[in-house]
Amino acid sequence: MSVSICRSSQGSVRDALSPDERGLDERDRAIVLATQAGLPLVPDPWGAVGRELGLTGEEVLARMRAMEARGVIRRIAAVPNHYRLGYVANGMTVWDVDDAEVERLGREVAAIEGVSHCYRRPRHLPHWPYNLFAMLHGRSREEVESQAEALRARLGEACRDHRILYSSRILKKTGLRLARRAPQA
Amino acid sequence: MHCRPQPCHVQNLDALDRRLIDSYQRGLPVCPRPFARIAERLGAAEDEVIARLERLQARGVLSRVGPVFDHARAGASLLAAVAVPEAERDAFAELINAAPGVNHNYAREHDYNLWFVMTAPDASALDARLDTLEARLGVPILRLPMLESFHIDLAFPIPWAELERT
């Protein structure tokens, strides 16, 4: 299994922006809400979404394209459920990595087989010393453990400690990601 | 609250199903008749492509056909965790799931045993939601915003032949 690489370096900038500054207007938000659980599977899905929202199919399509160009939409795709395809073990690995090295090593770790997401996050000492997160997916815990070994080897002496947090149960999972707008105060 | 579904037998997916999954997890054509375009590329009929996608979705092999939003760009969100007594875990999970903005919640094997993603329209609403939930739970919420993303894309080639052997 190889993993695609798609990196973002804009985290700090975009976190400082409000949704409106990111260029999502009310119609965009309505389209996001109407499509985030999936498109209607009909010959003209944009028209079907448009009818629901009182927009033309052309406008829906144009706005989807614009959101994709701005990076609000990563891609419009058939999204596989890897669990159903046999990737039944997922381990959230967390690593305590030397701050001076974490950026370089994070990029390297992200390219290792089995890693789907790789993020730098803050430590909260003394309870939480881990600053690098890498999500691993395998067909068994043994496979996830051998992937974690590969990460451990790559991180070398810069890594002081790590853990693999297996998920024992999915208690909620939804593709619904954009919150409905809160009333303006 | 629900348990995990069983893995599907990939032997039941034929060549066209596999080509659909392989070719379009990275992106559908964003054009007026996307399924007609796919059908043309795969040498099938539009209604056949639509029927296949419906079936793959109904069987849970596809979680959906549609946009993958970068919710960090479409609002504010962060990864959060709490450490709760294992015996009360499900009761805490219900409170978390009922809170507005929670979109994932996983039990994990660690002292921090509940891990969830909190979302909100913007950063101040996010803090407010976490503060409200923290007061309701009565335990501190570990707040782990993403500081840097090295890798954000969960699309990878599916090794069909290997999966068939397992």
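1. Strands here are DSSP runs of E with at least two residues, helices are runs of H or I with at least four, and both are numbered from the N terminus. By that rule, Arg64(B) belongs to strand 1 of chain B, residues 62-69. Please keep in mind that this is a predicted model.

2. Is Arg64(B) buried or exposed? Arg64(B) is buried, because its relative accessibility is 14% and the cut-off for buried is under 20%. Its side chain reaches across to chain A: the backbone oxygen of Gln36(A) is 3.3 Å away. Leaving out residues up to four places away in sequence, Arg64(B) touches Gln36(A), Ala37(A), Gly38(A), Ala77(A), Ala78(A) and Val79(A), together with Gln57(B).

3. Next, the overall make-up of chain A. Six helices and five strands are found in chain A. Their order from the N terminus is α-α-α-α-β-β-α-β-β-α-β. Chain A has 185 residues, and 51% of them are buried. Take the contacts in chain A with a separation of 6 or more: 65% of these come from residues 24 or more positions apart.

4. Chain B holds six helices and six strands. Along the sequence they follow the pattern α-α-α-β-β-α-β-β-α-β-β-α. Of the 166 residues in chain B, 57% are buried. Among contacts in chain B with a separation of 6 or more, 59% involve residues 24 or more positions apart. Chain B has an accessible surface of about 7,000 Å², and carbon and sulfur atoms account for 52% of that.

5. Look at strand 2 of chain A, residues 89-97. How many of its nine residues are buried? The count is nine of nine. Ala89(A), Gly91(A), Thr93(A), Trp95(A) and Val97(A) point one way, while Asn90(A), Met92(A), Val94(A) and Asp96(A) point the other way. Both sets are buried.

6. Strand 2 of chain A has a partner in strand 4 of chain A. The two pair in the antiparallel sense, over seven bridges. Met92(A) stands opposite Met135(A), a residue of strand 4. His137(A) also lies in strand 4 of chain A. His137(A) counts as buried because its relative accessible area is 11%, against a cut-off of under 20%. The His137(A) side chain makes a polar contact of 2.9 Å with the side chain of Ser116(A).

7. Now the aromatic residues. Over all chains, the structure holds five aromatic pairs. In one of them, Trp128(A) and Phe133(A) are 6.1 Å apart, centre to centre, with 40° between the planes, and the pair is tilted. Trp128(A) and Phe133(A) are both buried.

8. Trp128(A) also pairs with Trp115(B). The ring centres are 5.3 Å apart and the planes meet at 55°, so this pair is tilted. Trp115(B) is buried, as is Trp128(A).

9. Elsewhere in chain A, the charged end of Arg141(A) sits over the ring of Tyr166(A), at 4.0 Å from the centre.

10. Last, helix 3 of chain A, residues 45-53. Its buried residues are Pro45(A), Trp46(A), Gly47(A), Ala48(A), Val49(A) and Gly50(A). Within chain A, these pack against helix 2 (26-35), helix 4 (57-70) and strand 1 (73-80). Helix 2 (34-42) of chain B is also part of their packing. After the helix comes Gly54(A), with a positive phi near 75°.

How values were computed
Residues numbered from 1 in each chain as written. Chains lettered and ligands numbered in written order. Predicted model: local features only at pLDDT ≥ 70, side-chain atom pairs only at ≥ 80, totals over all residues. Heavy atoms only, no water. Phe/Tyr/Trp six-rings, centres within 6.5 Å; stacked < 30°, edge-to-face > 60°. Buried < 20%, exposed > 50% of the residue type's maximum accessible area, 1.4 Å probe, protein only. Lys NZ or Arg CZ within 6 Å of the ring centre and 35° of its normal. Contact = heavy atoms within 4.5 Å. Pairing = 2+ DSSP bridges. Polar contact = N/O pair within 3.5 Å; in protein donor to acceptor, adjacent residues only side chain to side chain. Areas by Shrake-Rupley, 256 points an atom, 1.4 Å probe, with all protein chains shown as cover.
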